[in-house]
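Please read it alongside the structure.

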Amino acid sequence: MLQSGREPLFIPNTNELFRTRQYEGPRSLGIKSFYGVPIFLRDGTWFGNLCATDTRQVTLNEEEKELLRNMALFLSYAIDLEHTAYTDSLTGIYSHSFLTELEQYEELFLNPFALFFIDIDDFKYVNDRFGHNAGDFVLQEFVHRINTLLSPQDFLLRFAGDEFLIVLPNISVNEMNDKGKSILEALGQPIYLQQHEIYLSASMGISMYPSHDETFTGLIQKADIAMYAAKQSGKNQFCIYSDYLERERKRQSNKIQYALEGQQNIIRLISDGASPDKILDSITRFVEDQTEGVCSILLYEKESETLSYRAGKGLPKDYIATINGIKVGPDAGSCGAAAYTKKQTIVMDIDGDKRWESFRKAAKEYGFRACWSTPILTIDQELLGTFAMYYKRPYAPTDREKELVERATFLVKLVLERERNKEELGQLLNMDPLTHLPNRKQFQNDLQHLCGNGKTLTPFAIFMLDIDEFNPLNLAFGYVSGDLILKKVACRLVRNFPKTATVYRVGGNEFAICLPCSQEKIPFFSKVLEDVFLESFSVSSHEVRLSVSYGHSLFPVDGQTPEDVTRVAMKDLLNKKHEKIALSPLQSTRMEEMERIVLTKDLYYAIERNELYLEYQPQHHIDTNKVIGFEALIRWKHPILGEIPPAKFVPLAEKTGLIIRIGNWVLKTACEELKRLHTAGYTWLRMGVNLSASQLKQPDFAAQIKNILSDLEIWPSKVDIEITESMMIEVERVLPVLQELHEYGVSISLDDFGTGYSSLGYLTKFPINQIKIDQSFIQRIGHLEDEMVIKTIIAMAQILHLNVIAEGVETEEQLTFLQQEQCNEVQGYLYSKPIPAAQLLNYMD
């Protein structure tokens with residue numbers, strides 16, 4: 001009766017209404033008054049009724065009726081909110097968030113059920129070819145076709161992007177097979193779009209409860225394994241999980257590990273100085289072990305413009321004779337063309353490619369049908385040779401094979417460059433190439449000779465020099481000008497000191513001088529050294545005055561070994577540097593500014609030099625004490641200055657724009673560590689990664705995260721990106737990115753909550769899953785005002801169904817307070833300091 005209209009229904013006397021048998025139940029209960037208000041959702045859909053009854057004949061006044069109406073309106077809002085939270089906005093089916101509800105749906109686990117994991121093959125093509133609006137239409141049609149084959153008790157949800165999950169309760173194995181075939185058959189029918197027929201295919205993996213796993217997460221993982229097996233077997237295939245698939249996946253993982261070990265072995269051969277032929281042979285065998293192909297390495301002869309055979313024992317000798325000495329050109333097979341264009345040349349079928357016209361007969365004789373060749377180039381794009389792969393069937397390289405060849409080509413380049421430069425390197429072994437002075441190695445050799453076996457008492461002195469604040473000069477005038485100054489310093493030192501002295505360049509802006517000398521002559525030569533730097537140096541039309549710090553030692557007075565005399569001189573140098581800083585109050589401020597400039601420069605190279613690394617702060621469930629995840633924290637160990645605090649270098653990275661590059665490295669490295677933990681069996685763990693505002697503003701940032709998670713096969717919900725309140729100000733720029741990541745399933749945390757632009761409006765507008773209480777509040781537990789702030793934050797989070805994690809928990813008192821207030825999770829020194837990556841597995845154990 002209430003469904004027919006939108007108005008409430010109030011019946012103060014139900015005697016007449018309950019005379020029929022339809023209302024025997026209410027009449028038997030003595031109900032005499034009925035009050036009902038229909039509940040409508042925001043889109044006008046009738047959801048149900050809010051009803052009140054009474055055993056008396058009662059008439060409601062207007063205030064009571066209004067109360068019922070408001071309660072119904074409140075319920076409609078609450079139902080709408082829940083519906084929105086669990087509904088995919090594009091397709092109208094359940095979203096990824098609904099998985100948490102399914103996991104708690106006890107009735108589902110009372111009987112067997114099947115889980116289908118479906119992934120549309122090559123869906124990116126639809127978006128690229130027809131646009132994202134067309135892609136959205138295809139997804140909607142895709143869902144419509146699946147829905148027509150499902151029963152009311154089945155669950156269909158959009159897992160992420162073009163991936164879907166179907167839960168089918170009470171289904172037998174035969175029914176499951178039939179259902180899988182019918183779904184794929186329906187999805188294989190053409191979709192008509194913009195006068196085009198689009199044919200889609202899908203891959204589907206199936207797991208069953210309880211035979212395959214008794215947890216929902218485990219079932220999804222096993223269905224995912226089956227889905228990838230189906231994808232490898234062809235188009236529109238489905239596969240049911242089995243232990244064999246698990247073993248096969250582990251085998252593939254071991255194969256990747258084997259590949260990594262093989263690459264490390266080659267690098268070890270290079271670093272150990274093995275012969276080039278041995279290294280090149282190892283590289284070709286390494287690639288051949290990972291593929292079906294046969295490798296060859298040809299070297300470029302610049303004078304004759306030909307390619308000559310160098311390595312590749314898998315090729316027949318007669319075929320090697322055919323290709324040896326071929327002329328570089330656009331129609332000289334794959335290798336000749338690659339050398340000519342200096343670009344990778346892929347020939348998938350030799351029979352139909354004109355570039356192989358002159359060599360097709362020889363290739364056919366030995367069964368070669370495909371060949372793709374990669375040029376080997378120096379950093380200056382100078383051609384060294386080619387690296388080729390031959391296949392005995394028409395074949396195109398996979399992404400993995402392309403990457404494998406790229407790595408192999410790089411290693412070959414290292415070997416060839418080392419071999420080519422070996423003679424030149426030998427000449428320069430003991431000479432500094434910039435100043436043409438003897439280098440550090442020669443300095444150490446000469447000291448060893450002068451010190452002898454300790455019996456020779458011929459005295460000599462060494463002076464160790466360090467040009468003060470030279471790196472800022474490089475940054476100000478450029479490295480070319482800096483090199484010019486170093487040459488001038490070298491010339492002055494050689495010119496001012498006697499011929500009996502030897503001047504060395506032992507480092508970037510460091511020199512050493514060794515000369516026969518007695519104790520009485522030390523002041524004289526110190527004065528000679530200081531006079532070298534009295535006159536200014538001309539650079540880039542500027543006059544630059546340099547200062548130098550130096551120390552000295554005397555043999556055999558200060559030591560009788562090279563190590564002793566060098567140590568004494570370096571100690572003297574450092575003492576004089578410290579004296580300079582102490583004598584000038586302004587020098588300290590200037591040095592801090594110079595240090596900032598130096599740090600900025602060094603930060604550019606920190607990643608390549610492996611100076612940046614991550615430590616991981618454990619996060620524990622407050623009640624069970626179980627480790628539920630880690631927060632990745634960046635660290636920098638400077639080769640000279642040691643550990644640099646993040647508070648010191650992160651602002652520099654933000655200011656210079658390096659934060660994007662560093663942040664992307666942190667994200668990828670942390671996810672790789674998470675994958676290692678998952679592979680070790682800790683599949684429930686999540687990883688928290690701090691983001692910068694600059695990263696969020698990248699137009700392809702969401703795609704970057706998706707690609708990383710897809711490549712590593714990590715569930716999006718296991719990655720928690722942490723943003724700060726200050727980022728929320730730029731709503732229009734960051735909100736779409738966060739919404740896209742949220743829909744993909746990535747968890748989003750609001751870090752340092754309470755210290756910035758706290759706003760309930762932001763919390764309701766942004767797709768936040770978790771808030772982190774800043775440690776400044778935690779450390780002041782015991783102070784009433786701060787405790788009230790914490791209580792308010794937790795209460796607000798509970799109303800908004802947000803998870804709460806407290807940072808910086810260090811005492812039992814703090815933990816007890818947070819437990820009483822029902823905080824969900826904690827992290828801090830009470831549990832552990834940040835842990836190096838190598839110790840994570842030990843911590844879990």
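Two strands count as paired if DSSP finds at least two bridges between them. The model is predicted.

**Open sheet**

- Five strands make up an open sheet with mixed pairing, in the order β5-β6-β4-β9-β10.
- Strands β5 (155-160) and β10 (237-240) are at the edges; each has a single partner strand, so one side of each lacks a neighbour in the sheet.
- On average, neighbouring strands of this sheet are turned by 20° against each other, direction ignored.
- Strand β6 (residues 163-169) pairs with β5 in the antiparallel sense, over five bridges.
- Alanine 160 has glutamate 163 in β6 as its bridge partner.
- Helix α7 (residues 216-233) packs on the sheet and touches β4 (113-120), β5, β6, β9 (202-209) and β10. The direction of α7 makes about 145° with that of β9.

**Strand β17 and its partners**

- Strand β17 (residues 460-467) runs antiparallel to β19, and seven bridges join them.
- Within this pairing, isoleucine 462 has cysteine 514 in β19 as its bridge partner, and methionine 464 has alanine 512.
- β17 also pairs with strand β22 (residues 548-555), in the antiparallel sense and over eight bridges.
- Here phenylalanine 463 stands opposite histidine 552 in β22.
- Eight of the eight residues of β17 are buried.
- In a regular strand, side chains alternate between the two faces of the sheet.
- Phe460, Ile462, Met464 and Asp466 point one way from β17, while Ala461, Phe463, Leu465 and Ile467 point the other way; all are buried.

- Strand β19 (residues 510-516) is mostly covered, with five of its seven residues buried.
- Strand β18 (residues 502-505) runs antiparallel to β19 and is joined to it by four bridges.
- A hairpin of four residues links β18 to β19.
- Threonine 502 has cysteine 514 in β19 as its bridge partner. Cysteine 514 is also the bridge partner of isoleucine 462.

**Surface patch**

- Tyr479, Tyr604 and Tyr605 make a nonpolar surface patch of about 300 Å².
- Tyrosine 479 lies in helix α17 (residues 479-496).
- Why can tyrosine 479 be called partly exposed? Its relative accessible area is 40%, and partly exposed covers the range between buried, under 20%, and exposed, over 50%.

Conventions
Residues numbered from 1 in each chain as written. Predicted model: local features only at pLDDT ≥ 70, side-chain atom pairs only at ≥ 80, totals over all residues. Heavy atoms only, no water. Patch = residues over 30% accessible without salt bridge, like charges linked within 9 Å, V, L, I, M, F, W, Y side chains within 5 Å. Areas by Shrake-Rupley, 256 points an atom, 1.4 Å probe, with all protein chains shown as cover. Salt bridge = Lys/Arg side-chain N within 4 Å of Asp/Glu carboxyl O. Helix = DSSP H or I, 4+ residues; strand = E, 2+ residues; numbered from the N terminus. Buried < 20%, exposed > 50% of the residue type's maximum accessible area, 1.4 Å probe, protein only. Axes fitted to C-alpha atoms, helices over the stretch in contact; angles between N-to-C directions. Contact = heavy atoms within 4.5 Å.
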